[in-house]
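Trainee: Could you walk me through reading a structure, feature by feature? I would like the general idea and then the case at hand.

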Amino acid sequence: MNDLDRLINDLEKAPAAVRKDTEKVVSKGALNVKQATQKRWRGLSNAPRLARAVTYDLHTAGDVVSAEIGPDKDKEKMQGALGNLIEYGSVNNAPRPGLAPSLDEEEPRFVEAIEDLGEKGMPQ
């Protein structure tokens, strides 16, 4: 019964451990996207402070871990409200995508990290 008790104990702890590891993976992916977006938008003559307005927030609700990444439109972050205009363009301005290509670039690394996490959590 000792091995069975250990297994039961490990399984009871698994959700908290997996959630913590998932938070680390999502946070790292969000940071990578944030930094890549900042790099793409750094030095824009028409929005020189936009790169510094890019932030991310990590959210955990039950078993769901997510991140919100992009220009912060709060008054504390100057030019954050210009993010959509710069990303998608307008009638008078061509788009200067920063967020979309950064997400595309991060996706394979993120998927691999989540797969590794899943394999790590599987019983042998």
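Mentor: Let's start with one residue. D21 is found in helix α1, which covers residues 2–41. Keep in mind that this is a predicted model.

Trainee: Is D21 buried or exposed?

Mentor: Buried means under 20% relative accessible area. D21 counts as buried because its relative accessibility is 19%. Setting aside residues up to four places away in sequence, D21 touches L117 and K120.

Trainee: How should I read the overall layout? How many helices and strands does the protein chain have?

Mentor: The protein chain has 4 helices and 2 strands. Along the sequence they come in the pattern α-α-β-β-α-α. Of the contacts between residues at least 6 apart in sequence, 59% join residues at least 24 apart.

Trainee: And how much of the protein chain is buried?

Mentor: Buried residues account for 25% of the 124 residues. The protein chain exposes about 8800 Å², and carbon and sulfur atoms supply 53% of that area.

Trainee: Now the nonpolar core. What is the general idea, and which residues form the largest one?

Mentor: In soluble globular proteins, nonpolar side chains tend to be buried together. Here the largest nonpolar core has 7 residues: W41, L44, A47, L50, A51, V54 and I86.

Trainee: What is I86 in contact with?

Mentor: Leaving out its neighbours within four places in sequence, I86 is in contact with W41, L44, N46, A47, L50, P95, R96 and P97.

Trainee: Where does N84 lie?

Mentor: N84 lies in helix α3, residues 83–88. Its relative accessible area is 45%, so N84 is partly exposed. Not counting residues up to four places away in sequence, N84 touches K73 and G89.

Trainee: Next, salt bridges. How many are there?

Mentor: Side chains of opposite charge can pair when their charged atoms come close. The count for this model is 2 salt bridges. In one of them, R40 pairs with E105, with the closest N and O atoms 3.2 Å apart. That pair links distant parts of the chain, since R40 is in helix α1 and E105 is in helix α4 (residues 99–121), 65 residues apart.

Trainee: Are R40 and E105 buried or partly exposed?

Mentor: R40 is partly exposed, with a relative accessible area of 31%. E105 also counts as partly exposed, at 38% relative accessibility.

Trainee: Which side chains meet at 2.7 Å, N to O?

Mentor: Those of R109 and E106, which form a salt bridge. R109 and E106 are separated by about one helical turn, because they are 3 residues apart in helix α4. R109 counts as partly exposed at 43% relative accessibility, whereas E106 counts as buried at 6%.

Trainee: Last, pockets. What is the idea, and which residues line the second largest pocket?

Mentor: Rolling a probe the size of a water molecule over the atoms shows where empty space is left. The second largest pocket holds about 150 Å³ of space. Its lining consists of V26, G29, A30, V33, A67, I69, L103, E106, E107 and F110. The elements giving two or more residues to this lining are α1, β2 (64–71) and α4.

Key: Residues are numbered from 1 along each chain as its sequence is written. This is a predicted model: local features need pLDDT of at least 70, side-chain atom pairs count only at pLDDT 80 or more; totals for chains, interfaces and linings use all residues. Side-chain values use heavy atoms; hydrogens and water are left out. A nonpolar core is a set of buried Ala, Val, Leu, Ile, Met, Phe, Trp, Tyr and Cys residues joined through side-chain atoms within 4.5 Å. Buried means under 20% relative accessible area, exposed over 50%, partly exposed in between (1.4 Å probe, protein chains only). Contact means heavy atoms within 4.5 Å. A salt bridge is a side-chain nitrogen of Lys or Arg within 4 Å of a carboxyl oxygen of Asp or Glu. Accessible areas come from the Shrake-Rupley method with a 1.4 Å probe; for residues, only the protein chains shown count as cover. On a 1 Å grid over the protein atoms alone, a cavity is a set of points where a 1.4 Å probe fits but cannot get out, and a pocket is an open set with protein on both sides within 12 Å along at least five of seven lines; lining residues have an atom within 4 Å of a point. Grid points are joined across faces, edges and corners, and a volume is the space filled by probe spheres set on the points.
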